[in-house]
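My notes follow as numbered points.

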Amino acid sequence: MTSQEYRPLLLKNIHRPDSTSLSAYRESGGYKALERAVKEMTPEQVLEEVKASGLRGRGGAGFPTGMKWGFLPKGPGEKYLVLNADESEPGTFKDRLLMERDPHLVLEGFLISCYAVGCTHGYIYIRGEFVDPWRILLKAVEEARAANLAGKSILGSGFDCEITIYRGAGAYICGEETALLESLEGKRGMPRLKPPFPAQVGLYGKPTSVNNVETIANVPLIVEMGSSWYAGIGRPKNTGPKLYCLSGHVRKPGVYEFPLGIPLKELIFEHAGGLLRETRPLKAVIPGGSSVPILPADKCDVLMDFDSLAAAGTMLGSAGVIVLDDSVCIVDALLNLARFYAHESCGQCTPCREGCGWYVQILERLEKGEGRSSDLDLLLDLSDRIQGNTICPLGDAVAMPVRSYVTVFRNEFQYHVDHKKCLAEPAPAPV
Amino acid sequence: MADSTPEQVTLTIDSQSVTVPAGTNLIEAARTLGIEIPHFCYHPRLSIAGNCRMCLVDIEKMPKNQIACSTKAAPGMIVRTRSDKAVKARQGVMEFLLINHPLDCPICDQAGECVLQDFSYHYGTGGSRFEGQKVHHDKNVDLGPHIVFDGERCIKCTRCIRFCDEVTHTHELGLFSRGDHTIIGTFPGKELDNAYSGCTADICPVGALTVKEFRFKQRVWFLRNTASICAGCARGCNVNLGINEERIWRITPRDNDAVNQSWICDEGRLSFQIYQQAERLGRALTSSAGGATKEMLVASGYEQAAATLGEIARKHGGATVAGITSGHATVEEQAGLKELIERAGGSRIALPVHERGDDDALLIRRDKTANTVGARLAGGANCTMEDLLTAIKIGKVRALVVLREDFLGEFGAEAMTARGALDFLMTLDWRVTATVKASDVALPLSAYGEMDGSFINFQGRIQLLRPGLTPYEESDPAWKPLLEIASRLGGAAVPKNFREAFRWAASRVPELSHLDTPALGKFGVSLESPASGQG
């Protein structure tokens, strides 16, 4: 199957009229997987199917979902599944599309997942700025409850599952699972020390698994079609459909669904309509959201999956593909990113709290032409001092791009020092 | 604890092998080897926050540095605190902490006992590569009655927050804002006004939290610490008296697991102010025109008191000589008063009660005297003040010796009537009170901080009070004048020093007879049959 022939699996409903309604979702075959799971399968069988499918978490880390669920204690006892709908990685807008256009797919996946791990009260933690998706999900949960798809004895199976939706207040850090749990408990959103991991001590002190929206949206597919069919999509160890968020200098920015492992260039040049301006060649691509190392144009012949991008020295992350043409000043781009992280650092631990602001000050003076050569090595050294030494991955998420941008585009940073201006020539304002 | 011996684990830290109980964190494990793992946010009596990252260490087989505070010792673990990886991380943390720190050590109260300053010398690089603008915060924030906050010096270790959450359970403090604008403050409508608020300044590793009553008063390196105990209530918290130029400038808690852990209440912390505000009695006084106003030699006081007490005993019977002892007095002083009353032929000794408020769940006791247990055990207290006043009024008591109590000031008209019925009133006190003024003989006593002594707290723990100040003018601890007078009434020789006085007093009380001062050390000893509680 070529990607031209690929028919969307996760996004198949989004263009249907009234796609958020329960009736439309059921017409397209929705909730059959939930029925099958709770009536014909044991929770263990569902868990085994998900393990066998090879599904890896779509939130950024790519950890095998079945294995993550397997860390929860078996048998009775309170435990929680939490849906991480706090999508906030710059360049990423896939979960939002799913929630806005196909909330019942997300809900069905979540209910099946709760069944698989033995959770009878699932929490959806949704980003505060997502007002529409929040309203749509609320309505979907009400509809599902009225139709006995959620709540007591779902579809007469004896499986109870309540769903609570909680709105965050709009902090990037609350996408980090332990900060999310703190916020969900009503506290200041700051990551917890690990160990203990959420699978042992999570929400309200109980074993908890936190999963990304897109990950969970894959689960009905696995239950309905079977794990071996699912594992046939994509590449070995990188299985299943994937949502790619294309933004930046492309003609048709948006969310695209293809199997894991599609070539990056195909994504940009065939599906996203190519670069925005014919006169402006590709400079670089950030392949997985703002936290990942950058790929210069000559390193863009890569496949978009977890292992291929890791081999290329970067990460699939959230698959937020940010395309930069040569009008971009890389110093300015990094300054923009650094400002974001300085603003979003929770302030709890020293290297991230203090380091992010320092990055911004160095990059500001470089951008203004007031920097000096030693600033380049200082940026790299600060990354060494931050990365791996913080409570949570936010420190890494800023240290990695800084190290990568300065290393890959060192000449541009040096140019700012030597010539007190950008090497890049800005594009003329659009007419 | 039900388990007798916890499981032990053996690990290696900086090439030295060490065996510690399972569950010990790496900071404590290293401490047993004399290896310091620097830290700011970790405090042994608070939960683990892990936010300062100063205690990062390099552990074999772990790709990343780990924080020693939250890492438990494990069998076979190989920890390096001085590897390049650990040193680089630590230097990074030091540099990060200092970029937004004001470096105003010359005007900072914490200088000299600042962990940030110390670790900067020990573990920093000596310089900074930061050349930008520091983040500015409010510098003089009034958090409550005793605490001022400097937002720029704060390193956000959250010890103060955890103290108010976990020790006092009063929850006044929180973190506000994010990133390098993060700041500590009180929640809306709240003040940092719990009874232990001063402890937040003690545990603050930097000069961000300071005690109003101490700030800007003294450079700490001029202070000499005297390890003593607080005399503010029956707890007897272990404290250090910070002394310079014959003055106590502050009282800070001294760790004692059995008594006060690492804390003291604000009232105890500020109790030294009483001694600085009161009018001191420095000379022996004798009555002149209806009050003790005429100075005399202390020795003349002994003679006058012995002669008068002897005469009253002969005339009216020894039983008419009585005493008022005090929970404010030391064991030796209480025993001295008992000896004098008994030498004169009397036995009646009253003990005034000084109670206020309630016992709390942490340290504070409603009994505001430090040595009530001693007054009963060694001081022979055997009647109430009401009983004593009645006995005076009906003529059963004609001579009264008062030790460190102001019964005329406290019992009002009733006591003044009783005073009129007395043939002789002698008072021993450190300050000029209404009772001193109405006495026939008044003798000056040393005050808190000027003398040795022992107190027995409500738990039945006997602890030492230590001097750091020179006794005021002609003052002495009360055992000296009391036993001087007793010896003139046929008593034994007067002890030459505190240790002898203690041994003398202890020998007369079965519960204390095995003790000597060196055995009490800095932390005291629990008596075998304590009055109450644990030891």
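1. In chain A, 70% of the contacts with a separation of 6 or more are between residues 24 or more positions apart. Bear in mind throughout that this is a predicted model.

2. Chain A has 431 residues, and 56% of them are buried. A residue counts as buried here if 20 or more other C-beta atoms lie within 10 Å of its own.

3. The radius of gyration of chain A is 22 Å, which agrees with a compact globule, because a globule of 431 residues would have a value near 22 Å. The C-alpha trace of chain A spans about 75 × 45 × 40 Å along its principal axes.

4. The secondary structure of chain A consists of 18 helices and 13 strands.

5. Turning to chain B, the domain assignment gives domain 1 (8–97), domain 2 (101–277) and domain 3 (285–526). Taken over C-alpha atoms, the centres of domain 2 and domain 3 of chain B are 37 Å apart.

6. Domain 2 and domain 3 of chain B touch: 29 residues of domain 2 are in contact with 27 residues of domain 3. On the domain 2 side, strand 11 (224–229) and strand 12 (238–244) of chain B each supply at least two residues. Strand 11 of chain B gives the largest share of that side, with five residues.

7. What classes of residue make up the side of domain 2 of chain B that touches domain 3 of chain B? That side has 18 nonpolar residues, along with eight polar and three charged ones.

Notes
Residues are numbered from 1 along each chain as its sequence is written. Chains are lettered from A and ligands numbered from 1 in the order in which they are written. This is a predicted model: local features need pLDDT of at least 70, side-chain atom pairs count only at pLDDT 80 or more; totals for chains, interfaces and linings use all residues. Domain bounds come from an automatic or database domain assignment. Two residues are in contact if their C-beta atoms, placed from the backbone, lie within 7 Å. Helices (H or I, at least four residues) and strands (E, at least two) are DSSP runs, numbered from the N terminus. Ala, Val, Leu, Ile, Met, Phe, Trp, Tyr, Cys and Pro count as nonpolar, Asp, Glu, Lys and Arg as charged, and the others, Gly among them, as polar. The radius of gyration is taken over C-alpha atoms; the globule rule is 2.2 Å times the number of residues to the power 0.38. A residue is buried if 20 or more other C-beta atoms lie within 10 Å of its own, exposed if 12 or fewer, and partly exposed in between; C-beta atoms are placed from the backbone.
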